[in-house]
Amino acid sequence: MSFRRAVTAERASPHDEGIEEATVPNPSSLIIDTDPGVDDAFGILLALSSSICDVRAVTASYGNVALDKTFVNARRILALAGRTDVPVAAGAARPLVHVQAEVAPEWHGADGLGMHSSGFPEPGPADPRPALDLMVSVLRESSVPVTIACLGPMTNTALLLAAHPELTPRIRRIVAMGGALGMGNTRGAGEFNVYADPEAAQRVLTQPEVPVTLVPLDLTMNCAVDDQWLDELSQAGPRCAALVRTAALYREATRERYGHDAIALHDMLAMLEAVRPGTLCTTPHRVNVACTLGPGRGMTVPDRRPDASGPLVDIALDVEVKVALTDALRHLTTLG
């Protein structure tokens, strides 16, 4: 039998009435590659709160803010969840080729947590290994295939695939929040995570060895959470209240750009799919990333030609919004 089990054989529909997490026999092993980031914090805590998910490692990269801040934030988030046992390592401090052109302090605050990082516990211990070494160690030691959830630029994951092709059979799949088939959110055509390192995204999305699920803006922007959802989460306990406070600046920026008072927690939706495969409805497409230096840089371009060649990416384009957001809220409120 292949080390990587078929994902479809393990899928449990989120629409099945009465499904209980405790009935899932083999929790999904997970590496979280992230650049926290407000919506990253929601996604990381969702994974940590799930009994069907075994978070084996967290790796930080540059992204929403610089690496020195995202690395601390990842450890603060784990401390908030009471999970300082999970190793956290620092990874890429910059993209593979070109210097990062955009950061997002107007959305995530200069500290990356909406200027509310002081409401989190002191950061837990740092793993002294580089992120790549930690990822390799987890993959080699795991008795089951491991999912990699990419919540930021794909630089760390691209480096892993390039440097250690012998480990690809040990990766169950990659679930990446990124891309936009329509309007982007960074310089028009690009989505922030892909635009931050298009060359890394191209490496991940066009390799044939590991299944990839891409969760783009086209879906996440249609799954925004409103005041009622955030209020219910905040009332679940002090940890949840601290998490919701980080979103205040994010909400203000959303109102200014989009004119509505609901926020798309992009990374949380991707994490829900990583935790419970099959939550999102996907369509397979061949995808390329524009790595030019012109106005199309960072654009994710699906090739819909029937005779197109190359590996397929499962692009998440549909979901039962109410079911997904209810499921996410159920997970997070267990944090208290």
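In the predicted model, Arg 251 forms a salt bridge with Asp 227, the closest N and O atoms being 2.0 Å apart, where a salt bridge is a side-chain nitrogen of Lys or Arg within 4 Å of a carboxyl oxygen of Asp or Glu. This pair links distant parts of the chain, with Arg 251 in helix H11 (residues 248–258) and Asp 227 in helix H9, 24 residues apart; helices (H or I, at least four residues) and strands (E, at least two) are DSSP runs, numbered from the N terminus. Asp 227 is partly exposed, with a relative accessible area of 32%, on a scale in which buried means under 20%, exposed over 50% and partly exposed in between (1.4 Å probe, protein chains only). Salt bridges that share partners join Asp 227, Arg 251, Arg 255 and Asp 261 into one network. Residues are numbered from 1 along each chain as its sequence is written, and side-chain values use heavy atoms, with hydrogens and water left out. As the model is predicted, local features need pLDDT of at least 70 and side-chain atom pairs count only at pLDDT 80 or more, whereas totals for chains, interfaces and linings use all residues.

A search of the whole structure finds 12 salt bridges. One of them pairs Glu 273 with Arg 173, with the closest N and O atoms 3.1 Å apart, and it connects helix H12 (residues 266–275), which holds Glu 273, to strand S5 (residues 171–177), which holds Arg 173, across 100 residues. Glu 273 is buried at a relative accessible area of 1%, and Arg 173 likewise counts as buried, at 2%.

Within helix H13, Asp 327 forms a salt bridge with Arg 330, the closest N and O atoms being 2.3 Å apart, and these two residues, 3 apart in the chain, are separated by about one helical turn. Asp 327 is buried, with a relative accessible area of 9%, while Arg 330 is partly exposed at 38%.

Helix H9 (residues 227–234) and helix H13 (residues 321–333) pack at an angle of about 20°, with their axes 10 Å apart, and are therefore roughly parallel to each other (angles under 35 degrees count as roughly parallel). The contact, meaning heavy atoms within 4.5 Å, is made by Trp 229, Glu 232 and Leu 233 of H9 and by Leu 325, Ala 328, Leu 329, Leu 332 and Thr 333 of H13.

Terms used
Axes are lines fitted to C-alpha atoms, for helices over the stretch in contact, and angles run from 0 to 180 degrees between N-to-C directions. Angles under 35 degrees count as roughly parallel, over 145 as roughly antiparallel, 65 to 115 as roughly perpendicular and the rest as oblique.
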